[in-house]
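Hi everyone, and thanks for making time this morning. Let me put the sequence and the model on the screen, and then I'll walk you through a few places in it.

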Amino acid sequence: MGNSTFDAAWKLHVGGFHMIPSGGGETGKAPIVDWAEYQTRQPSDDQLTEWNETLSPHLWGIVTNSTVAVIDADGEDVRLELEAELGACHVITPRKGGHFYVNTTDHPLPTRAGILPGVDIRGEGGFVNIVGGEYQVLTMPSLDSLIPYDHIPDRILNALNGQKRRLEDGQPITEGQRNDALARMAGAMRRQGMTEDEIEAGLSAVNCSRCDPPLTESEVRKIAQSIATYPTNSGYKKSVNTLPGAASLATERYKSVTQNVTESGESLAQRVEEWVKETSGWFDTAELDRELGIATAEDKQNRRLIMYRLRQQGLIALHPRYNKKSRYVDKALRAIDFKAVGKRTPLAIGWPFDIQKLVDVYPGSVVVIAGASNAGKTAFMLNVIRLNMYDFPTYYFSSEMGADELAIRLEKFPGIEINDWNFTAAERTYDFADAIIPDALNLIDYWEFIDGNFYMIAEGLRAVWEKLGTGIAVVALQKTGDRVLGRGGAFSLEKPRLYLSMDSGRLTVVKGKNWAQPTVNPKDLAVNFKLVDGCQFVTTRDWYKAEL
């Protein structure tokens with residue numbers, strides 16, 4: 001999995017915990033990704049791998065929830081005192097304190113700081129670091145090793161209840177209590193259907209009048225953003241991903257609410273569903289409300305229930321980063337008529353370094369070449385054009401070259417005049433799927449990312465693949481340093497049938513699904529080269545098995 005810290009994080013992930021990378025902030029112990037959504041679901045395997053490859057975190061943490069909480073002892077004395085009541089702790093913290101992991105499946109605990117001197121609770125909406133740095137794991141948390149809820153000392157449970165009463169009493173909210181108090185207030189507002197902006201305004205007023213000292217504006221905003229991801233309506237219990245074997249379902253009261261929407265709500269439900277099915281890509285609720293004329297508080301509340309029900313039915317999915325965006329889940333399948341194909345014939349396409357002798361590429365395939373800066377991606381693309389432009393209609397989409405620069409590159413190729421090149425070139429930096437020619441050779445040089453949303457490459461490559469007919473698409477991606485995969489990491493591996501990684505002087509086959517030779521596995525085969533005049537590849541070492 002890359003290193004011992006990530007190996008431990010991966011083991012916890014497989015065990016059902018919600019793992020996120022950490023090591024940021026002023027203390028060097030804060031999460032380094034937006035983690036609100038992972039309070040209610042685990043990151044995917046690919047997401048964890050992507051974080052490890054792109055962020056190289058030195059710490060990993062667990063998002064606590066309704067099924068697992070952590071009693072946090074600050075300092076050795078407090079830890080030893082709790083060990084006498086709870087048994088040995090799971091993790092020794094850098095300050096010699098301890099983390100005690102508790103199974104709270106039937107008794108969810110809140111996140112509260114300072115309930116007793118040196119004792120914090122990290123429960124719903126909480127977070128703790130666990131592996132990396134100076135954290136010492138004594139017993140790896142697992143479903144079998146969690147401390148039973150009924151082993152929690154009465155003094156801790158009594159302190160939790162007592163603190164709750166004090167905070168509801170209108171008294172000043174002191175340091176150590178502020179985040180939890182505002183989160184609970186935000187939860188109450190969210191259950192009443194309030195939006196993120198409304199929640200933030202309410203929290204800001206309480207923060208200024210009662211918090212001593214007040215939290216920063218950014219901290220208040222983060223609480224509002226996090227809580228705004230939760231479903232609305234106080235009549236149901238928030239559904240969360242749980243540890244293996246634990247159940248988490250909406251209450252019967254919420255089911256009753258969603259199944260007994262008013263007649264106008266039922267009419268609205270039909271309109272919303274029809275509108276959603278006509279969309280393509282991501283949409284937000286503001287757009288939906290505007291186009292369907294949803295303006296009253298009652299209609300908006302019905303729309304929230306309708307959207308929740310559509311998510312439960314699997315008809316819409318939430319955006320992985322932006323909680324206000326959704327997309328229609330189109331379950332229609334593109335039939336594969338394998339009986340009508342007859343004998344499968346790969347495309348007679350030529351590649352630099354005779355890659356066609358190692359990997360067959362069939363019609364409708366996506367090929368990726370991930371290369372470091374100045375490694376030779378463009379030279380590879382132009383050589384593909386030269387080898388195939390008289391056999392296939394060829395289209396080259398460039399994100400960085402204009403006419404003059406492209407002409408200069410082409411004029412360097414020996415043995416061919418500029419007027420003999422037979423392809424169509426166009427400038428393109430976005431929405432490549434819209435420009436794909438289905439039955440042609442399409443070359444995208446290269447795929448740029450906006451705002452660092454590298455995970456979107458999987459969706460983009462899938463969209464390109466869906467547009468292909470008998471043609472193929474060759475997509476160039478940037479990659480960083482010595483990394484094997486391009487930006488987007490594991491997300492870029494899903495659709496390509498051939499995936500190449502290019503560094504200065506070396507080309508490696510990362511993935512080749514269709515072997516051209518039954519006895520030769522092309523995976524991890526590499527060839528060394530030197531690039532002459534930015535256009536000619538000269539092989540310096542023929543294909544060999546590389547160690548990645």
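Before that, some ground rules. This is a predicted model, so local features need pLDDT of at least 70 and side-chain atom pairs count only at pLDDT 80 or more, while totals for chains, interfaces and linings use all residues. Residues are numbered from 1 along each chain as its sequence is written, and side-chain values use heavy atoms, with hydrogens and water left out.

Let's begin with the cores. By nonpolar core I mean a set of buried Ala, Val, Leu, Ile, Met, Phe, Trp, Tyr and Cys residues joined through side-chain atoms within 4.5 Å. Buried is under 20% relative accessible area, exposed is over 50%, and partly exposed is in between, with a 1.4 Å probe and protein chains only. The largest core has 42 residues, and those touching the most other members are Trp-351, Phe-380, Tyr-396, Leu-498 and Leu-507. Among the elements giving it two or more residues are helix H12 (377-388), strand E22 (498-503) and strand E23 (506-512). Helices (H or I, at least four residues) and strands (E, at least two) are DSSP runs numbered from the N terminus. H12 supplies the largest share, 6 residues. If you click on Leu-498, you'll find contacts, meaning heavy atoms within 4.5 Å, to residues including Trp-351, Ile-355, Val-368 and Val-509. There is also a second, separate core of 26 residues, with Leu-12, Val-33, Val-131 and Leu-146 included.

Now for the charges. How many salt bridges does the structure hold? There are 14, counting a side-chain nitrogen of Lys or Arg within 4 Å of a carboxyl oxygen of Asp or Glu. One of them joins Glu-81 and Arg-155 at 3.7 Å, N to O. This pair links distant parts of the chain, 74 residues apart, with Glu-81 in helix H3 (residues 76-86) and Arg-155 in helix H4 (residues 154-167). Glu-81 is partly exposed at 45%, and Arg-155 is partly exposed at 31%. Glu-37 and Arg-41 meet at 2.6 Å, and Glu-76, Arg-79 and Glu-83 are linked in a network of salt bridges.

Asn-207 sits in helix H6 (residues 196-210) and is buried, at 5% relative accessible area. Its side chain comes to 2.8 Å from the backbone nitrogen of Leu-215. Asp-284, in strand E14 (residues 282-284), is partly exposed at 25%, and its side chain reaches the backbone nitrogen of Glu-287, also at 2.8 Å.

Finally, the backbone. Most residues other than glycine have a negative phi, and most peptide bonds are trans. Asp-354 is not a glycine, yet has a positive phi of about 55°. You'll find Asp-354 in the loop between strand E16 (325-328) and E17, where it is partly exposed at 35%; it also forms a salt bridge with Lys-357 at 3.6 Å between the closest N and O atoms. Asn-374 has a positive phi near 65°, lies in the loop between E17 and H12, and is exposed at 75%. Last stop: the peptide bond from Asp-445 to Tyr-446 is cis, with omega near 0°, and Tyr-446 is in the loop between E20 and helix H15 (457-467).

Notes
A polar contact is a pair of N or O atoms within 3.5 Å; within protein, one must be able to donate a hydrogen and the other to accept it, and residues adjacent in sequence count only if both atoms are side-chain atoms. Lists of a residue's contacts leave out its neighbours within four places in sequence.
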